[in-house]
Amino acid sequence: MPMRPPQHRPRGSRPVGEARRESRRAYDAQRRRTSPWRAWYGLAAWAAAREAQLAREPLCERHTARGAVVPATVVNHRRPHRGDWALFIDPANHESVCKRCHDREIQREERTAAP
């Protein structure tokens, strides 16, 4: 099996993985400053609301509408709460979806409908 030739790295340069981790840390810190409500997802109230929603509707609502049966693993907010606690915790604003629907079509919808 062929081997990759050794790479020259100038003295003092950081490995790519370390630079990527540092960049990610900076991004996460900036996101915490601009969206402090992201910490709400770690609260017991959210865990209880999430579990109640998944117990009430264990299948992905988006797939069910298309006639497919896929288990839901994510609770999405139908209307983005953007820091409104009442909207964040409101069960009528919750929708059970699979990770694929949440990470693809819902994120796409939210990006195109941005204020």
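C98 is buried in the predicted model. Its relative accessible area is 6%. The sulfur of C98 lies 3.6 Å from the closest cysteine sulfur, which belongs to C101. A disulfide requires two cysteine sulfur atoms within 2.5 Å. The separation of 3.6 Å is therefore too far for a bond between C98 and C101. From the side of C101, the nearest cysteine sulfur is that of C98, and C101 takes part in no disulfide. C101 is buried as well, with a relative accessible area of 2%. The structure as a whole holds 0 disulfides.

N93 is buried, at a relative accessible area of 5%. Leaving aside residues up to four places away in sequence, N93 touches N76, H77, R78, R79 and L87. The backbone oxygen of L87 is placed 3.1 Å from a polar atom of the N93 side chain. The spacing to P80 was also computed. N93 and P80 are 13 residues apart along the chain, and their C-alpha atoms are separated by 8.8 Å.

In summary, C98 and C101 are each buried, yet the structure holds 0 disulfides. N93 is likewise buried, and its side chain has a polar atom 3.1 Å from the backbone oxygen of L87.

Methods
Residues are numbered from 1 along each chain as its sequence is written. This is a predicted model: local features need pLDDT of at least 70, side-chain atom pairs count only at pLDDT 80 or more; totals for chains, interfaces and linings use all residues. Side-chain values use heavy atoms; hydrogens and water are left out. Buried means under 20% relative accessible area, exposed over 50%, partly exposed in between (1.4 Å probe, protein chains only). Contact means heavy atoms within 4.5 Å. A polar contact is a pair of N or O atoms within 3.5 Å; within protein, one must be able to donate a hydrogen and the other to accept it, and residues adjacent in sequence count only if both atoms are side-chain atoms.
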